[in-house]
Amino acid sequence: MKYLFLFLISGYIFSQNAESKNVKAFFKVSGVCDMCKSRIEKGAIKVKGVKYASWNINSNNLSIIYNSKKTSLDNIHKNISDLGHDTEIYKASEEKYQSLPECCYYKTLSIH
């Protein structure tokens with residue numbers, strides 16, 4: 001009986017650890033168009049450990065699912081800012097931002 005109890009407890013702990021490595025998160029990423037959407041989502045997916053990425057143009061929210069054993073949220077933010085898009089944590093370098101197509105300039109939007 002004692003061994004059965006230990007087996008059940010160790011199975012429960014293992015299943016909890018297996019489930020907890022996949023993390024859902026969302027954060028703001030600056031962008032304005034479908035080209036931005038494609039670049040942000042593809043860039044996020046290229047980060048080792050990211051399993052899902054979807055960026056909403058209207059809200060600027062990036063929803064992701066990633067394996068926390070393979071990457072970190074901080075690393076994902078860094079990689080996206082390296083593409084030229086500001087995140088809540090990292091700002092894109094001016095050089096990267098200026099390399100975006102003009103339709104993707106989110107800092108210079110003006111309302112007419």
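Q: Where is Thr-71 placed?
A: Thr-71 sits in the loop between strand 3 (61–67) and helix 3 (73–81), where helices (H or I, at least four residues) and strands (E, at least two) are DSSP runs, numbered from the N terminus. Before going on, please note that this is a predicted model, in which local features need pLDDT of at least 70 and side-chain atom pairs count only at pLDDT 80 or more, while totals for chains, interfaces and linings use all residues. Residues are numbered from 1 along each chain as its sequence is written, and side-chain values use heavy atoms, with hydrogens and water left out.

Q: Okay, and is Thr-71 buried or exposed?
A: Thr-71 counts as buried, because its relative accessibility is 7%; buried means under 20% relative accessible area, exposed over 50%, and partly exposed in between (1.4 Å probe, protein chains only).

Q: What does Thr-71 touch, then?
A: Not counting residues up to four places away in sequence, Thr-71 touches Val-47, Lys-48, Gly-49, Val-50, Tyr-66 and Ile-76, with contact meaning heavy atoms within 4.5 Å.

Q: Which side chain makes a polar contact with the side chain of Thr-71?
A: That is the side chain of Asn-75, at 2.9 Å. A polar contact is a pair of N or O atoms within 3.5 Å; within protein, one must be able to donate a hydrogen and the other to accept it, and residues adjacent in sequence count only if both atoms are side-chain atoms.

Q: Switching to the sheet, what is the order of its strands?
A: It is an open sheet of three strands in the order 1-3-2, with antiparallel pairing, and two strands pair if DSSP finds at least two bridges between them.

Q: Why is one side of strand 1 and of strand 2 left without a neighbour in the sheet?
A: Strand 1 (22–28) and strand 2 (50–55) stand at the edges and each has a single partner strand, so one side of each has no neighbour in the sheet.

Q: How many bridges join strand 1 and strand 3?
A: Those two strands pair in the antiparallel sense over seven bridges, and Phe-27 stands opposite Leu-62 in strand 3.

Q: And what lies across strand 2 and strand 3?
A: Helix 2 does, running at about 165° to strand 2; axes are lines fitted to C-alpha atoms, for helices over the stretch in contact, and angles run from 0 to 180 degrees between N-to-C directions.

Q: Which residues does Ile-45 touch?
A: Ile-45, which is found in helix 2 (residues 34–45), touches Val-50, Lys-51, Tyr-52 and Ala-53, not counting residues up to four places away in sequence. Ile-45 counts as partly exposed, at 39% relative accessibility.

Q: New topic: how many salt bridges does the structure hold?
A: The structure holds three, a salt bridge being a side-chain nitrogen of Lys or Arg within 4 Å of a carboxyl oxygen of Asp or Glu. One of them joins Lys-37 and Glu-41, whose closest N and O atoms are 2.7 Å apart, and both residues lie in helix 2, four residues apart, about one turn of the helix.

Q: What about Glu-94, which residue does its side chain meet?
A: The side chain of Glu-94 meets that of Lys-107 in a salt bridge (3.8 Å, N to O). This pair links distant parts of the chain, with Glu-94 in helix 4 (residues 94–98) and Lys-107 in the segment after helix 4, 13 residues apart.
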